[in-house]
Amino acid sequence: MKYILMMNGTRASFAEYAKWSKKDMEANVAFMRAFSKQLKDEGVYVATEGLGWPDQAKLVRAGQDGTPITDGVFPESKEFLAGYWIVDVESSEQAYEIAARASAAPGPGGVPGNMPIEVRQVLGSHSDLGL
Amino acid sequence: MTAQPSDPPIEHLLRELTPQVLGIVVRRFRDFAAAEDAVQEASLAAAMQWPRDGLPENPRAWLTRVAFRRMTDHIRSEAARRRRESEAALEMDQLAPSVDAAGESDQDDTLILLFMCCHTALTPASAIALTLRAVGGLTTAEIAHAFLVPEPTMAQRISRAKQSIKDSSIPFQLPTAEERAQRLRAVLHVLYLIFSEGYTSSIGPQLRRADLSHQAMRLTLLLHHLQPDDTEVAGLLALMLLTDARRLARTGAEGELIPLAQQDRALWDRQQIAEGVALLSATLPKGAVGPYQLQAAVAAIHDEATRPEDTDWPQILALYDLLNRMSDNPMVALNRAVAAAMVHGATKGLELLDALKDDARVAEHHRLDAVRAHLVELAGDREGAVRHYRAAAGKTASLPERNYLLAQAARLSSELPLTNEQE
């Protein structure tokens, strides 16, 4: 079964990240690279992407004639998706275990950041026979 | 995906020959992991060359020769590596192949391969992938495609499975008589999982290629030929035939699920049903009745009813009673509740469901809510049914199933007085 692990950051945490020291940032990037490689080696990797930052984000709605109306992100938005992993695992517990590893990515001073990771199941077309 | 066989007869031949050739190579070189890679490479080479150059005179000997050559290369490079490390020379010429000498043990080989690939030391996902490749003869790309994961991920999963087999040092031989029954159950379970995984609602052209249900039936038929006297192998094969016979009726034009009672029974595959029934009829009198045979018997009763109202529910209930006594499986208990409701009324079915509320294995399963919704609806409580259909929709991991459950809720709530919908 497939799960998407979504790393969400607050607007403030993106601003904080931009101020990290070079060393801290390099450690974080190295962790993310190694983490992706681990998922591949474990045979559970499906996809991962990092996203552009909230200051580039736009909210889009269809106007009367279907033309896009774009707007900056509303100031009241508190959480933004920073990036995600999709993994194919045997159980929800295994997905949670992987999410916890992602959450432990090092922050400033190498201390685990403990970022919240939202875990959601990806729906498939296969339905169990119930036999 | 460029190295895929495009010619179906060649594709079928390769899948049939793969376990035979693999058996020969493993016997010769005693290294399952490397042999499996070598056979996969030989098979890919065949898929490229045979459509272009024509079939070789003896396709199996051709594959064996190429696989032996790959193995010899592998051993040479391993030896060279070791020589670099230890300066120890290894004489390789003794490994020149005597092609196709092990023909008579094909059948045992295939059986041993199945036992190895479905070893209980492996996780289900690893066992499935390895079985499809080593015994099913599918390419890594095809298996990856069927499970919608990237090819390197599937390659890694297979390679880890082989490593686990290596680490557990399972010998390449048939299990002892005592072990055999239990090991065979594990094989049947893996084949059943492959079938179940492939029993998908979307049968688009790209999914047909590596149609997992079809592969599961092919492998179970192979196992049935190897173990014709095992009644549960026959039972599983019958179950697959009788279930798969409804495939075309099971989904609508948009891939939406159609439940048994609403299926167009003219679309059921009568010939396949006849095959399944004949197999089951020949098997049941042999005596050793197990869960797969009983489930096949239930499937046969559904298949033999011309109209839903002709279904022999008392007999289905009797079969579920037997199954329930035989195994502690909450899914069986759920199905039994449905059958009891059809025989004795919805109240009886709901009573049986209540007993499952505290069973952690199904308490949070969408099927418990779905069955409850169905029975509550039968009992005439539309509002309750809407609530349970929606609860089930929130829990299922299948998109077509969620759409079906929400449609049931929508159908019922459109029949309700408007005030009930304004929450």
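This is a predicted model: local features need pLDDT of at least 70, side-chain atom pairs count only at pLDDT 80 or more; totals for chains, interfaces and linings use all residues.
Residues are numbered from 1 along each chain as its sequence is written, with chains lettered from A and ligands numbered from 1 in the order in which they are written.

**Stop 1: the sheet in chain A.** Select β2, β5, β1 and β6 of chain A: these 4 strands make an open, antiparallel sheet in that order. Strands (E, at least two residues) and helices (H or I, at least four) are DSSP runs numbered from the N terminus, and two strands pair if DSSP finds at least two bridges between them. At the edges stand β2 (45-50) and β6 (117-121), each with a single partner strand, so one side of each has no neighbour in the sheet. From one strand to the next the twist averages 20°. Now zoom in on β1 (residues 2-10), which pairs with β6(A) in the antiparallel sense over 5 bridges; M6(A) has E118(A) as its bridge partner there.

**Stop 2: a helix pair in chain B.** Next, select α1 (residues 8-29) and α2 (residues 32-53) of chain B, whose axes come within 9 Å and cross at roughly 145°. Axes here are lines fitted to C-alpha atoms, for helices over the stretch in contact, and angles run from 0 to 180 degrees between N-to-C directions. Colour the residues of α1(B) that meet α2(B), among them L14(B), V21(B) and F29(B); on the α2(B) side they include A35(B), V39(B) and W50(B). Contact means C-beta atoms, placed from the backbone, within 7 Å.

**Stop 3: two loop residues.** Click on R30(B), in the loop between α1 and α2 of chain B. R30(B) is not a glycine, yet has a positive phi of about 60°. Most residues other than glycine have a negative phi. Then jump to S169(B), in the loop between α7 (151-167) and α8 (177-198) of chain B. S169(B) also has a positive phi, about 40°, and is exposed, with 6 other C-beta atoms within 10 Å.

**Stop 4: D244(B).** Finish in helix α11 (residues 231-244) of chain B, where D244(B) sits. Is D244(B) buried or exposed? D244(B) is buried, with 22 other C-beta atoms within 10 Å. Beyond its neighbours within four places in sequence, D244(B) contacts S213(B), M217(B) and Q272(B).

Notes. A residue is buried if 20 or more other C-beta atoms lie within 10 Å of its own, exposed if 12 or fewer, and partly exposed in between; C-beta atoms are placed from the backbone. Two residues are in contact if their C-beta atoms, placed from the backbone, lie within 7 Å.
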